[in-house]
Amino acid sequence: MSERLLPAYVLLEDDTFFRGATSAPFAATAAEVVFTTNLSGYQEVFTDPSYVGQTVVMTAPMIGNYGINQDDLESGRPMVAGVVVRELSRVASSWRATGRLGEWLGGYDIPVVSEVDTRRLTRHIREKGAMRGVIAVGSEPTDEVRGVLAASPGMEGLDLASRVTCKDWETVGPDDARFKVVAYDFGMKRNIVRLLVGAGCQVTVVPSHTPAAAVLERKPDGVFLSNGPGDPAAVEYGPPILRELAASGTPIFGICLGHQLLGLAFGARTVKLPYGHRGGNHPVRDLASGRVLITSQNHGFAVEGEGTGAGEGGTAVPGAPALEVTHRNLNDHTVEGIRHRELPIFAVQYHPEASPGPHDARHHFAEFVRLMTPTP
């Protein structure tokens with residue numbers, strides 16, 4: 001017996017309207033509407049804390065075909081505000097599956113709208129930019145739903161890292177690990193911790209607002225800065241902490257939001273991208289070697305760099321003479337990596353831990369280990 005669907009829709013703030021359907025009623029949900037080009041790994045996407053405050057449009061035509069399991073979570077629960085797909089599979093065809101995607105999301109009250117022309121919706125976002133939107137049940141937008149959309153905040157100016165960070169310190173990894181690392185949790189994915197532990201580190205995860213003095217008191221071999229959601233410029237407490245950590249000479253490695261906060265700490269500026277970079281197939285050039293990495297990405301902001309958006313640009317970071325650009329995106333030439341010219345500090349905008357995505361950039365974890373290794 002086929003599942004009975006209710007009419008539903010996506011309404012964007014420019015009043016563009018996309019019809020769809022849903023299997024269960026839900027309250028009108030407003031958020032920034034973005035798209036990701038991942039063909040698989042939807043469970044990792046939906047549990048990535050960097051997607052807090054966003055409704056995610058999946059560009060792959062069928063989502064949910066291999067179900068869900070408890071091993072591929074990047075956090076304890078789905079983090080997205082909502083999900084929009086062309087077709088939601090009602091069958092979980094994998095030996096690893098412990099449930100169906102729609103039921104799993106429904107268990108956390110995450111609304112799903114299917115039967116949407118996601119190709120048209122994605123092209124609209126590419127042309128007009130990511131914007132606020134609302135997903136709701138019904139055949140036509142109502143004044144009440146438009147009111148929900150109008151009252152929702154934009155992404156600029158939102159400190160969402162403080163909302164998703166851990167509450168307490170937690171240590172993962174063996175006591176006899178070669179390196180002791182303190183990781184700032186701005187919305188960290190679990191695979192990052194797994195890879196750090198696999199590289200020989202014991203990782204102590206701390207809340208995003210932890211004072212530098214409390215971290216340095218532990219005499220860590222290195223400090224890691226995680227990914228996370230929201231506007232980096234709104235995390236005003238972050239740069240002063242990072243400057244104090246940097247002054248100690250401790251090696252620092254940042255990813256995504258951590259990369260952006262390091263840029264801000266040294267005087268750079270961040271800018272909101274028109275529709276962001278989200279997916280597992282973004283080409284990035286290592287400027288030193290010329291090597292091209294295919295990377296996993298999820299961000300809507302970027303560090304402003306010399307020549308951004310106009311050719312490949314140079315290696316300078318406006319306002320931050322101590323930093324140099326190490327990597328650039330080959331699609332729009334935005335800054336994808338920075339390094340301090342003197343201190344043992346580097347960061348990348350993309351996700352070397354992938355999950356989901358290619359593993360081209362995993363060598364950055366080995367690079368971090370090299371920085372922490374004492375020279376003879």
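Does Gly276 count as buried or exposed, and at what relative accessibility? Gly276 counts as buried, at 9% relative accessibility. The cut-off for buried is under 20% relative accessible area. Please keep in mind that this is a predicted model. My points follow.

1. **Surroundings of Gly276.** Gly276 has its place in strand S15, residues 270-286. Leaving aside residues up to four places away in sequence, Gly276 touches His299 and Gly300. Phe35 is 241 residues away from Gly276 along the chain. Even so, the C-alpha atoms of Gly276 and Phe35 are separated by 8.7 Å.

2. **Overall shape.** The chain has 376 residues and a radius of gyration of 21 Å. A compact globule with 376 residues would have a radius of gyration near 21 Å, so the chain agrees with that expectation. Along the principal axes, the C-alpha atoms fill a box of roughly 70 × 45 × 35 Å.

3. **Make-up and packing.** The secondary structure comes to ten helices and 19 strands. Of the 376 residues, 56% count as buried. Take the contacts in the chain with a separation of 6 or more: residues 24 or more positions apart account for 73% of them.

4. **Surface and charge.** The chain exposes about 15,400 Å². Carbon and sulfur atoms supply 51% of that area. There are 34 positive and 42 negative side chains. The centres of the two sets lie 3 Å apart.

5. **The seven-stranded sheet.** Seven strands form an open sheet, and the pairing is mixed. The order is S2-S1-S9-S3-S4-S6-S8. The edge strands are S2 (17-22) and S8, and each of these pairs on one side only. Strands of a sheet pair through backbone hydrogen bonds, either parallel or antiparallel.

6. **Strand S9 and its neighbours.** S9 covers residues 131-137. S9 is mostly covered, with five of its seven residues buried. Strand S1 (residues 6-12) pairs with S9 in the antiparallel sense over five bridges. Within that pairing, Gly133 in S9 is the bridge partner of Leu12. Strand S3 (residues 29-36) also pairs with S9 in the antiparallel sense, over five bridges. Here Ala30 stands opposite Val134 in S9.

7. **From S3 to S4.** What is the sense of the pairing between S3 and strand S4? S3 and S4 (residues 54-58) pair in the parallel sense, over five bridges. Glu32 has Gln54 in S4 as its bridge partner.

8. **Strands S13 and S14.** S13 (residues 222-225) and S14 run parallel and are joined by three bridges. Phe224 stands opposite Phe253 in S14. Ile252 and Gly254 point one way from S14, while Phe253 and Ile255 point the other way. All four of these named residues are buried.

9. **Cys256, between S14 and H9.** Cys256 lies in the loop between strand S14 (252-255) and helix H9 (257-265). Cys256 is not a glycine, yet has a positive phi of about 60°. At 1% relative accessibility, Cys256 counts as buried, because the cut-off is under 20%.

10. **Helix H9.** How many of the nine residues of H9 are buried? The count is nine of nine. Among the buried residues are His259 and Gln260. Leucines in the buried set include Leu257, Leu261, Leu262 and Leu264. Gly258, Gly263 and Ala265 are buried as well. Gly267 follows H9 and has a positive phi, near 105°.

11. **Asp109.** Asp109 also deserves a check of its backbone. Asp109 is not a glycine, but its phi is positive, at about 60°. Asp109 is found in the loop between helix H2 (101-107) and strand S8 (112-113). Is Asp109 buried or exposed? Asp109 is exposed, with a relative accessible area of 69%.

12. **A cis peptide bond.** The peptide bond from Ser355 to Pro356 is cis, with omega near 5°. Pro356 is found in the loop between strand S19 (345-348) and helix H10 (363-372).

Methods
Residues are numbered from 1 along each chain as its sequence is written. This is a predicted model: local features need pLDDT of at least 70, side-chain atom pairs count only at pLDDT 80 or more; totals for chains, interfaces and linings use all residues. Side-chain values use heavy atoms; hydrogens and water are left out. Buried means under 20% relative accessible area, exposed over 50%, partly exposed in between (1.4 Å probe, protein chains only). Helices (H or I, at least four residues) and strands (E, at least two) are DSSP runs, numbered from the N terminus. Two strands pair if DSSP finds at least two bridges between them. The radius of gyration is taken over C-alpha atoms; the globule rule is 2.2 Å times the number of residues to the power 0.38. Contact means heavy atoms within 4.5 Å. Accessible areas come from the Shrake-Rupley method with a 1.4 Å probe; for residues, only the protein chains shown count as cover. Lys and Arg count as positive and Asp and Glu as negative; His and the chain ends are not counted. The place of a charge is taken as NZ of Lys, CZ of Arg, CG of Asp or CD of Glu.
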